[in-house]
Amino acid sequence: MVFLCSAFFFVTYLLTQADARTGSRIIGGNNAYAGQFPHAAAITVQTSNSRIFCGGTLINNEWVLTAGQCVDGATLFTIQLGSNNLNTDDPNRVTVASSEYFLHPDYNPSTLENDIGLIKLRLPVEYTSYLNKVHFLGDHYVVPSTTAVAVGWGQTSDDDPEFSNDLKWVTVAALSNEECRLTYGNQITDSTLCVEGNYNEGSCYGDTGSGLFQSVGPGYMMHSGVASFISGNGCESTDPSGYVRTAAYRAWIKNITGV
């Protein structure tokens, strides 16, 4: 059994490193095609003493939803939108900067409770076929065994420290919190959503802050979770990945953004 405090310490430790390889991964995923996830945001975060990488989701033309650990202590965000590639030239890419963020007031960096944050862009972005907001924010809790799609640019294996140049996605299934507690103990709260894929599929370092999505009709997606933590046993273990439930923070998000 891996206790949640071990997983949290593992992630938090990585976040403090100068070359930090943040967060959760997409293991066993597929490359996204252009425009498949037009709301996906690649975020480079500068703090006073480190630089980290996170994912995020565009929820309207001036707000990005991400993890609390991705905004805590930040001084500058450089955000790439509209492109599935981190480094390859792409005429659809829009790069913006911001220093304004909102961290959930009850965020706990030791336990990652209330691990959710918002970044406000300096200017609204213009929507295109490749850059657009997510259609809906989840307003109900995900039922166990429901399938969802996890996305991100994180590591694709424990042995390769490089992030993926290509945005990847993988289908996962939601677990009940009772089942997730068998791995992580009682630190799994009502606002936590655990998911697992086939074999070891799931999120890895560099995916923290990225969205978890559910299809709500042809071409429509609902944001259901924010990538928060992985097991201290590593990305390729069969332990579940942990997300923050979007529905648990709808009132907080709307109060700040109006969305």
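Reader: What should I keep in mind about the model and its numbering before reading any feature?

Author: The model is predicted, with local features needing pLDDT of at least 70 and side-chain atom pairs counting only at pLDDT 80 or more, while totals for chains, interfaces and linings use all residues. Residues are numbered from 1 along each chain as its sequence is written, and side-chain values use heavy atoms, with hydrogens and water left out.

Reader: Are Cys54 and Cys70 buried or exposed?

Author: Buried means under 20% relative accessible area, exposed means over 50%, and partly exposed is in between, using a 1.4 Å probe and protein chains only. Cys54 is buried at 0%, and Cys70 is buried as well, at 2%.

Reader: What does the disulfide of Cys180 and Cys194 look like?

Author: Its S to S distance is 2.0 Å, and the torsion about the S-S bond is about -70°, so the disulfide of Cys180 and Cys194 is left-handed. Because Cys180 lies in helix H3 (residues 177-184) and Cys194 in strand E12 (residues 192-196), the pair ties together parts 14 residues apart in sequence. Both Cys180 and Cys194 are buried.

Reader: How are aromatic pairs counted, and how many are there?

Author: Rings of Phe, Tyr and Trp (its six-membered ring) pair if their centres lie within 6.5 Å, and planes under 30 degrees apart count as stacked, over 60 as edge-to-face and the rest as tilted. By this rule there are six aromatic pairs. Among them is the tilted pair of Phe53 and Phe163, at 5.2 Å centre to centre with 35° between the planes. It links distant parts of the chain, with Phe53 in strand E3 (residues 51-60) and Phe163 in the loop between strand E10 (147-152) and strand E11 (168-174), 110 residues apart. Phe53 is buried at 9% relative accessibility, whereas Phe163 is partly exposed at 25%.

Technical notes: Helices (H or I, at least four residues) and strands (E, at least two) are DSSP runs, numbered from the N terminus. A disulfide is a pair of cysteine sulfur atoms within 2.5 Å.
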